[in-house]
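Biologist: Can you walk me through some helix packing and a few residues? Keep it brisk.

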Amino acid sequence: MSLGPGFTRLWWSQGLSNLADGLVLAAVPLLAVEMTRDPLLVAGITVAQFLPWLIFTLPSGALADRIDRRLIMVWGNAIRAVGFLLLVLTLAVDLHSIVVLYLAVFLAGTAETLVDNAALTVPPRLVERADLERANGRLFATQSAINNFVGPTVGAALFALSAIMVFSSTAGLFALGALAAVTLPRMLPTASDTSGGKHSAGDVLRSIRAGWSYFWEHRLLRRVAFISGSINLFSSATAGLLVLLATGPLGVSKSWYGIFIAVPAVGAVIGSLIAARVVPAIGGGPVTWLAALVPAASYLVLGLSGSIVLSEIVMFLAAISTALNQIVVSTLRQAAVPDELLGRVTAAYRLIVLGAVPVGALTGGGLGRWLGPEHAFVVCGIGLALAAVVFASRVTTRALREAEQDVRPASAVEPIS
C-alpha cells in the first residue's frame, strides 16, 4: 500500500544520500588505513564524523522547527556534496593527508546533523499516525540495505579501482539527494510554534531550552536515549577498530572488506521490515534488552573467536535487534512529541545518542592502542552488557504504550502541482 507521493519523494532523497553514506562507510576507513595503521588515528575518523553532533545538534533542531524542513535537506545534502568534491580535488593533486580527510568528514558530519534532524521530523507531516511504524520501517530498511549493504560493497569495489572515483560518486549522489529533496512539499513551522518568526540569539536560545526541557522532563524519552547512547558508545568504540580487526587477525582482504561489513546489513533490513509485526508481538520493552545484549555478545565473539563466519552471524543478529529498536524509539518520539517541538526534541535526543559516538571512538582507539583490537572488543562487550542491566530494565512495554499518545501535527504542508 502506497504511503503517498510526498513520502515517496522523501524516500528517494534519503535513499540517494544513504547510498552516498554507504560508499563513505567503506571508502573512508580504507583510505585512512592507507595513510596510517595507528588505531587512535583511524578511530579519529569516527570522532571527526560525529563530533558535529555534540556541537551543532541542538541548533539544527531549533532550525528544523523554524524554517522549511525541505530546504534544510536540500542545502545540507549540497554541503556534503561540496565537502567530498574538495576531497577529490586534494586526491587529484596527490595530497594524501589524514588531516584533509578529517576535515572532509567533519564538514559532511556537520551537514548531516541538519539533514538527519530535519528528515526525522518529516514523516508525521506526510503520513497518518497509524502508518508511522510502516513508514519508519520502510525508511530504515532502505537505509540499512543501501547504506550498509549496497553502498559499502560498491564503495570498496570502486576504491580498489580509484579513490578519486569513489569520492566523486559520493559527491554526485549527495547532489542528487539535494535535487530530490527540492520536489518535497514545503514544510513551514506549524501555526502553534509562536517562535517561528523570531530569530534573535536570545529567542533561539530560549527555543532550544524549551525543546531540551521537554525532552529531559519526559522520563521515558530520557531513559530510552541513555540506552541508545550506551549502544552507540560501545558500537563506535568498536567501529573504528573493525577495519583493523578484519584486515588483520581475521584475514579479510581490502577488496572483500565491503562485503564483510555489508552482510550484517541484511539483518538490519529484515529487522526494519518485520518491526511492524514483531514489536507489537513481543513488546517494545524486550526489544530494548535485545538491542543492547545481542550487540554485546557480538563484540565478545568478534574479539575471541577469530572466525569470519561466526563474526558475520553475530553481527547479522545484532543488526536485526538494533533495527527493531530504531523503529521503537523513532515511533515513540514522533507519536509522543508535538510537531512544533519535534525538531528540537529530536535534536536533544540525538545529542545524547550520537554525542556518545565521538567519546566511544576515542575510547575504542585508546583501548585498541593499549590492548589490541581483539581485547578492546571483549572489554566493549562486557561494558555494553552492564549498561543493559542498568538502563534497559527501566523501560517497559506498558510505559512505551502509554507514552505514545496521539498528538496530531498541525497541517502546514503546502501541496505542489
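**Helix pairs and selected residues**

Modeller: The axes of helix H9 (residues 219-247) and helix H12 (residues 284-304) cross at roughly 25° and come within 11 Å. This is a predicted model: local features need pLDDT of at least 70, side-chain atom pairs count only at pLDDT 80 or more, and totals for chains, interfaces and linings use all residues. Residues are numbered from 1 along each chain as its sequence is written, and side-chain values use heavy atoms, with hydrogens and water left out.

Biologist: What are the helices and axes here?

Modeller: Helices are DSSP runs (H or I, at least four residues), numbered from the N terminus. Axes are lines fitted to C-alpha atoms, for helices over the stretch in contact, and angles run from 0 to 180 degrees between N-to-C directions.

Biologist: How are H9 and H12 oriented to each other?

Modeller: H9 and H12 are roughly parallel to each other (angles under 35 degrees; over 145 is roughly antiparallel, 65 to 115 roughly perpendicular, the rest oblique).

Biologist: Which residues make the contact?

Modeller: From H9, Ile227, Ile231, Phe234, Ser235, Thr238 and Leu245; from H12, Thr288, Ala291, Ala292, Tyr299 and Leu302. Contact means heavy atoms within 4.5 Å.

Biologist: Now H14 and H15. What angle do they pack at?

Modeller: Helix H14 (residues 339-371) and helix H15 (residues 373-391) pack at about 130°, with axes 7 Å apart. That makes H14 oblique to H15.

Biologist: Which residues meet there?

Modeller: Leu367, Gly368 and Leu371 in H14 meet Pro373, His375, Ala376, Val379 and Cys380 in H15.

Biologist: Switching to H13. How many of its residues are buried?

Modeller: In H13, 21 of its 29 residues are buried, so the helix is mostly covered (buried means under 20% relative accessible area, exposed over 50%, partly exposed in between, with a 1.4 Å probe and protein chains only).

Biologist: And Arg80, buried or exposed?

Modeller: Arg80 counts as buried, because its relative accessibility is 1%. Arg80 lies in helix H3 (residues 69-92).

Biologist: What does Arg80 touch?

Modeller: Not counting residues up to four places away in sequence, Arg80 touches Ser17, Asp21, Ala108, Ala111, Glu112, Val115 and Phe174.

Biologist: Last one, Val263. Where is it found?

Modeller: Val263 sits in the loop between helix H10 (254-262) and helix H11 (265-282). Val263 is partly exposed, at 30% relative accessible area.

Biologist: What is Val263 in contact with?

Modeller: Phe149, Glu312 and Phe316, leaving aside neighbours within four places in sequence. Val263 and Met315 are 8.5 Å apart, C-alpha to C-alpha, and 52 residues apart in sequence.

Terms used: Helices (H or I, at least four residues) and strands (E, at least two) are DSSP runs, numbered from the N terminus.
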